[in-house]
Each structure stands twice: as C-alpha cells, then as structure tokens.
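Open the model in your viewer and keep the selection panel at hand. The stops below are given in viewing order.

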Amino acid sequence: MSDRTATRAAVLLASVLTADALFHLYWATGSTWPAADEKSLSYAVLGTEAPFTPPVVLPLAALLLTASGIVVAQSRRPHRLLRLGTLAVAAGLSLRTLAGVYWLFAQDTGTAFYWLNLGLYTPLCAVLCTAALRVARHQGTAVRAGTARWEDAVRVR
C-alpha cells in the first residue's frame with residue numbers, strides 16, 4: 001500500500017474521530033444541539049435514554065482523541081504498538097458496525113435513531129473500519145528504504 005493511501009485513510013479516520021470528540025466536548029458543556037433536550041439527543045444518538053453529563057462524555061472524548069492521534073502517528077511513523085492501537089480502533093469500529101446491523105432489525109423503524117443508524121452511523125463505521133485496517137497495514141517507506149540501503153551496502157562488500 002502506498003504512503004498516500006495510508007495518509008488519506010488516516011486523515012479521513014482522524015477527522016471523523018476528532019469531530020466526534022468535539023461533539024462530546026460540546027455536549028459536556030450541557031448543550032444538546034442538534035436536539036431540543038438531553039432526552040431527545042440520547043434517543044437520536046444512542047436509541048435509548050442515557051446521560052450526556054461530563055463524567056460520561058469527557059472520557060469518551062478523550063478516547064476518541066487518543067484514537068485519532070494513534071491513527072495519525074501510525075500513518076506517519078509506523079510502529080508495532082501504533083499498529084496494535086490502530087487495530088484496536090478498527091476492532092471497535094467493526095463492533096459498532098455489527099451492532100448497527102443488529103439494531104436495524106431490533107429497533108422500531110419509526111425512530112430517529114433507526115434512520116440515523118441506517119443512513120449514517122453504521123455505514124460510516126464500516127468505512128472508518130476499512131480505513132483503520134488500511135492504516136494498520138501501512139509499513140512506511142522509511143522501513144523499506146532502510147532495509148534496501150542495508151541490502152545495497154551488503155552487496156557492495
């Protein structure tokens with residue numbers, strides 16, 4: 001895979017994760033946009049009632065920002081631990097995708113969550129999971145170039 005493909009996948013993934021983290025930080029202030037109130041927001045985002053209080057949303061924002069940083073770092077300077085972190089991001093996204101498919105059959109079709117899950121959440125998580133897997137596969141040119149230089153040096157002798 002080319003560096004360019006891995007970089008594009010990382011930028012897409014990190015952008016969405018960061019935007020989601022910013023939403024969580026915004027909700028931590030007590031605001032409920034785009035919903036009218038916390039209950040409506042909860043039902044639209046989660047399909048059930050849950051608190052959108054700082055003790056709940058701030059750790060999620062921190063997790064999303066950390067995941068974003070790991071993915072970007074893996075695309076720029078591939079490393080075994082960063083690859084594992086990126087694979088963990090892909091695993092989380094794949095679980096959300098599978099849960100979203102399940103909810104398509106288990107939720108009432110008349111709810112906002114059903115349609116947001118069908119048209120936005122589940123497809124986006126599937127695309128982001130694919131992007132995370134692409135970034136995780138990235139080896140980087142520095143590793144390959146370093147190996148090639150070593151092989152060339154050995155051949156010269």
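Which residues form one aromatic cluster? Select F23, W27, W33 and F52, which make up that cluster. The model is predicted: local features need pLDDT of at least 70, side-chain atom pairs count only at pLDDT 80 or more, and totals for chains, interfaces and linings use all residues. Residues are numbered from 1 along each chain as its sequence is written, and side-chain values use heavy atoms, with hydrogens and water left out.

Next, the aromatic pairs. The whole structure holds six of them (ring centres of Phe, Tyr or the six-membered ring of Trp within 6.5 Å; planes under 30 degrees apart are stacked, over 60 edge-to-face, the rest tilted). Select F113 and Y121: their ring centres are 6.1 Å apart and the planes meet at 40 degrees, so this pair is tilted. F113 is buried at 2% relative accessibility (buried is under 20% relative accessible area, exposed over 50%, partly exposed in between, with a 1.4 Å probe and protein chains only). Y121 is also buried, at 19%. Then select Y114 and W115, an edge-to-face pair with centres 5.0 Å apart and planes at 85 degrees. Y114 is buried at 11%.

Now select residues 112-136, listed by an unreviewed UniProt entry as "transmembrane region" (such annotations may be inferred rather than shown by experiment). This span is 100% helix and 0% strand, with its end C-alpha atoms 34 Å apart. The entry also lists 52-72 and 84-106. Residues 52-72 are 90% helix and 0% strand, and their end C-alpha atoms lie 28 Å apart (helices are DSSP runs of H or I, at least four residues; strands are runs of E, at least two).
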